[in-house]
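Thanks for sending this one over. Here are my notes, point by point, to read beside the model.

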Amino acid sequence: MAYNAIQDNIYNYYLSSYTPKNAGKYDAHKRSELRSIYNSIIKLNKEAPLYMISNRRESARFAVGLKENARGLHMELASLGGNLDSRELLERKAAYSSNEEIAAVRFIGDHSESVDVPPIEMEVQSLASTQVNLGNFLKEDSPIGLPPDAYSFDININDMNYEFQFTIRPGDSNRSIQERLGRLINNSGIGLTAEVIAGEEGTSSLRIESEATGLKSGREKLFSITDDKTSKASGMVSYLGLDYTSREAANARFTVNGTPREAASNKFTLDKLYEVELQGVSSEESGAATIGLRADYEALADNVSQLAGSYNSFLSAVDQFKISRSSSNRLKSEMAGIASLYRDNLSGIGLNVLDDGTIDVDRKTLSGAIHSDDADDKFQVVKNFTQQIFRKTHQISLNPMKYVDKTVVAYKNPGHNFASPYLSSNYIGMLFNYYC
């Protein structure tokens, strides 16, 4: 029991100290992917020589920290493309609408499949509307025409029934009761809003509107107001005219590529690809709205800047390990070597590789490259560079011991080695070396 408790405490200490980020969605893998990672680790350890580790305590921290920082950069690169296996890590698409006055749109589909998304023609015949009940216009200053008493009425909305109770006192006017009921409804939070509106010749009315729009199949109203079976005195609904529906709720009606459709709200998802918000009705002048995908220049600029920032953060994290200058310098040299292969082409789009291997972003040059006619050709270098870093971080995650200072004791006999399951996580075992 004590042994397990010590192990748990040690493990939690290292995780909290050296894990830069929580698990993300790209940490979840298929069984085949996990099997591939396991087999890769087994293969690496099968051919690895036997060695002695110098400065073992600090080497353990270095190996765990290096692995987790490499994993963090690996996940950042994956999030830019949305797919661990995608070769188009930096390609992003944005939805557009040819007529924002008819329909605004946002892409919510899978970016890895966005190349195959065809444009859509949409015409809007009518917008989804709320239900409005408009009460009688009564003289504001006149005394209310109901005797003082405790009154109540029921509102049915979303298949729920709510009872509202209030008291009419001597001297109450039509306006004061309308305002009191308006506050009562607004404070109830049941999905209705009420306001007292002014009419002609000193009259006022209580207007009640639903927050929701449209109607479900088989429904005639979004809400209804009655006092037929109320627990207190009745008569208020008919006196104020609260049961009169001046505007029925209606669904939005539109066509998608000529096919009629309906939606209960003006904001809805379309074919699991777009989030559409209807803004107006099509006319002979406005015509239809074309919805589709095109290159998102701002997103591309942000993604490239994020790539450079993540890359620089990784190099900075490696540089913070002071215990083994040769180990961290070796890794930084390898990373800088990758960047140097693309130095000239990267600088042409505003990514300047500095002497220490980090990347400085010239946003003005980057923006000009994005909007140039040969943008696809120019940004091929970014994709190639990203793929190289992506593969490198994967290798580091599999075998961070490669960068730990060590002395080789013996090389294994080539071709006559056996895989040992106890070596599949060699560096993790060091977590417990000094406490067991």
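1. F254 is buried at a relative accessible area of 2%, and F268 is buried too, at 12%. Here buried means under 20% relative accessible area, exposed over 50% and partly exposed in between, with a 1.4 Å probe and protein chains only. Please keep in mind that this is a predicted model, in which local features need pLDDT of at least 70, side-chain atom pairs count only at pLDDT 80 or more, and totals for chains, interfaces and linings use all residues. Residues are numbered from 1 along each chain as its sequence is written, and side-chain values use heavy atoms, with hydrogens and water left out.

2. On aromatic pairs, the count comes to 7. The rings of Phe, Tyr and Trp (its six-membered ring) pair if their centres lie within 6.5 Å; planes under 30 degrees apart count as stacked, over 60 as edge-to-face and the rest as tilted. F254 and F268 make a stacked pair, with 5.0 Å centre to centre and 10° between the planes. Since F254 sits in strand β13 (residues 252-256) and F268 in strand β15 (residues 267-270), the pair ties together parts that are 14 residues apart in sequence. Helices (H or I, at least four residues) and strands (E, at least two) are DSSP runs, numbered from the N terminus.

3. Have a look at Y342 and F385 as well: this aromatic pair is edge-to-face, at 6.0 Å centre to centre and 70° between the planes. Y342 is in the loop between α7 (325-341) and α8 (343-347), while F385 belongs to helix α11 (residues 380-398), so the pair ties together parts 43 residues apart in sequence. Both Y342 and F385 are buried.

4. One aromatic cluster is formed by Y151, F153, F164 and F166.

5. Which residues of helix α4 are buried? They are N174, I177, Q178, L181, G182 and I185. These cover an arc of only 140° around the axis, which puts them on the same side of α4; the arc is that of the directions from the helix axis to the C-beta atoms. Helix α4 (residues 174-186) has 13 residues and spans 18 Å from first C-alpha to last, close to the 18 Å expected at 1.5 Å a residue, where the expected span is 1.5 Å times one less than the number of residues.

6. In helix α2, the buried residues are I41, I42 and N45. Seen down the axis, they fall within an arc of 100°, so they line one face of α2.
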